[in-house]
Amino acid sequence: MKSSSTNGLLAQQNYLIPITPRPELCFLRGEGHYLFDQHDKRYLDWIQGWAVNTLGHSAEVMQQALIKQSAQLINPSPAFYNQPMLTLAERLCEHSRFDQVFFTNSGAEANEGAIKLARKWGQKHKQGAYKIITFDHSFHGRTLATMSATGKAAFTPLFEPKVSGFTKVAYNDLAATAAAIDEQTVAIMLELIQGEAGVIPADAEFVAGLDALCKQHNVLLIVDEVQTGIGRTGSLFAYQQYQAQPHIMTLGKGLGGGVPIAAMLIDKAVSCFDYGDQGGTYNGNPLVCAVSAAVLGEVLTEGFLAQVNRVSDYFCQQLASLADTFALGATRGKGLLLAINTAEVSAPRIVELAREAGLLLNAPREDTLRFMPALTLTENEVDEGIAILTQVLRALTEE
Ligand SMILES: *Cc1c(COP(=O)(O)O)cnc(C)c1O
């Protein structure tokens, strides 16, 4: 039975600008791999804030970091250094090939920064070159420039005129990319696994080829690791599994483990912002930097990523046997950014029935289910989720 406060919650939805269809649910609390709704129904969560909650819901280390930092210092203004900002920047650079960091509040803002930096570099070092090659079906965010960079067909007619200067090329097509480079090209920007497109990995030869093209034509390589970064693909960063030396990397999502922080990391050779070119009121505030440092600390713990890879293997085996039983398609992805092709079965319908049965999933396409659980996943939760999926698929295929 709905309580009156619950009716209140659902009536209050009219006060929000509608931006997406949402089920009649309001989550009241989260614990690790689980969410609890207004009826205290429990859900196994394989969305996790949209590949955001690296350590699951309300992890103890995040709570502690929030409590400690909020008592100490929340916002001294971005015009001053603060300790968590310095610590986090140093740690990110120590564990990557990059030298400098600019913190932002969202992945889109980090990518916006990467676009600005590339254009600035083009003005300073490449006779005003400004064009950026991006890829079909890519996703880089929802600011006007990042929507313009995005290769999602549904974005094409929106908010015209877009920001110009983005050349779209077929993903994993090296020859087409090479052909698209001209005098005005300043950068190539890609996701190493296209997440929103349905978990489509870049081929090893493609990325190695892009890296070579960039070197040959004095073009910057930008990797958008907003979804793939911070252990999601089984290494701290996805580029580490490729033969590539990107000049710029953007992070978001898993970096904060649930709190709003993102970042642009750069090779110091391309550092060229003048004072005033870039900034933001909340950028690098100590509250979110302290939480992010705590999250990163966990991911860097000995054995953490090895366990991500072990449970990923187990998950893939279970998906393969599910595919056998119900005539589904192939499994894609790396680490704990996985997807399965559902062939004839409607993926959005699976999502709906799974939610009713207590499992939260995402269907980025009609025929694709995406899995983005917390990186602390164990074989037990895999078994629990697969059991629910089995039950849902049995009901759907017997319809
Ligand atoms: C989610 C995402 C973004 C946008 O991040 P926001 O924090 O939503 O602005 C950009 N790029 C990729 C690859 C993403 O997955």
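Asp40 is partly exposed, at 48% relative accessibility; here buried stands for under 20% relative accessible area, exposed for over 50%, and partly exposed for values in between (1.4 Å probe, protein chains only). Asp40 sits in the loop that joins strand 2 (34-36) to strand 3 (42-45). Helices (H or I, at least four residues) and strands (E, at least two) are taken as DSSP runs and numbered from the N terminus. The model is a predicted one, in which local features need pLDDT of at least 70, side-chain atom pairs count only at pLDDT 80 or more, and totals for chains, interfaces and linings use all residues. Residues are numbered from 1 along each chain as its sequence is written, and side-chain values use heavy atoms, with hydrogens and water left out.

The backbone of Asp40 also deserves a look. Its phi is positive, about 65°, although Asp40 is not a glycine. Lys253 is another non-glycine residue with a positive phi, of about 30°. Most residues other than glycine have a negative phi, and most peptide bonds are trans. The peptide bond from Glu160 to Pro161 is cis, with omega near -5°. Pro161 is placed in the loop between helix 6 (144-149) and strand 6 (166-169).

Lys253 leads on to the ligand. This residue belongs to the loop between strand 11 (248-251) and strand 12 (262-266), and it counts as partly exposed at 22% relative accessibility. An N or O atom in the side chain of Lys253 lies 2.6 Å from an oxygen atom of the ligand. This is a polar contact, meaning a pair of N or O atoms within 3.5 Å; within protein, one must be able to donate a hydrogen and the other to accept it, and residues adjacent in sequence count only if both atoms are side-chain atoms. At Asp224, an N or O atom of the side chain is 2.8 Å from a nitrogen atom of the ligand. Ala108 takes part through its backbone, where an N or O atom lies 2.8 Å from an oxygen atom of the ligand. Taken alone, the ligand exposes 380 Å², and the protein buries 82% of that; these accessible areas come from the Shrake-Rupley method with a 1.4 Å probe, and for residues only the protein chains shown count as cover.

Which residues surround the ligand? They are Ser106, Gly107, Ala108, Asn111, Phe139, His140, Gly141, Glu191, Asp224, Val226, Gln227 and Lys253. A residue is near a molecule or strand if one of its heavy atoms lies within 4 Å of it. The shell divides into three nonpolar, six polar and three charged residues. In this grouping, Ala, Val, Leu, Ile, Met, Phe, Trp, Tyr, Cys and Pro count as nonpolar, Asp, Glu, Lys and Arg as charged, and the others, Gly among them, as polar. Helix 5 (residues 107-125) gives the largest share of the shell, three residues.

Helix 4 (residues 83-94) has 12 residues and spans 16 Å from its first C-alpha to its last, close to the 16 Å expected at 1.5 Å a residue; the expected span is 1.5 Å times one less than the number of residues. Its buried residues are Pro84, Met85, Leu88, Ala89, Leu92 and Cys93. Seen down the helix axis, these fall within an arc of 155°, so they line one face of helix 4; the arc is that of the directions from the helix axis to the C-beta atoms. The face turned away from the buried side of helix 4 carries the exposed residues Gln83 and Glu94.

Helix 9 has 14 residues and reaches 20 Å from its first C-alpha to its last, close to the 20 Å expected at 1.5 Å a residue. In the loop between strand 12 and helix 9 (286-299) lies Asn283, which is buried with a relative accessible area of 6%.

Two buried residues in strands make polar contacts with backbone nitrogens. Thr185, in strand 7 (residues 185-190), is buried at 1% relative accessibility. A polar atom of its side chain lies 2.9 Å from the backbone nitrogen of Asp182. Asn341, in strand 14 (residues 337-341), is buried with a relative accessible area of 18%. The side chain of Asn341 reaches the backbone nitrogen of Ala343 at 2.7 Å.
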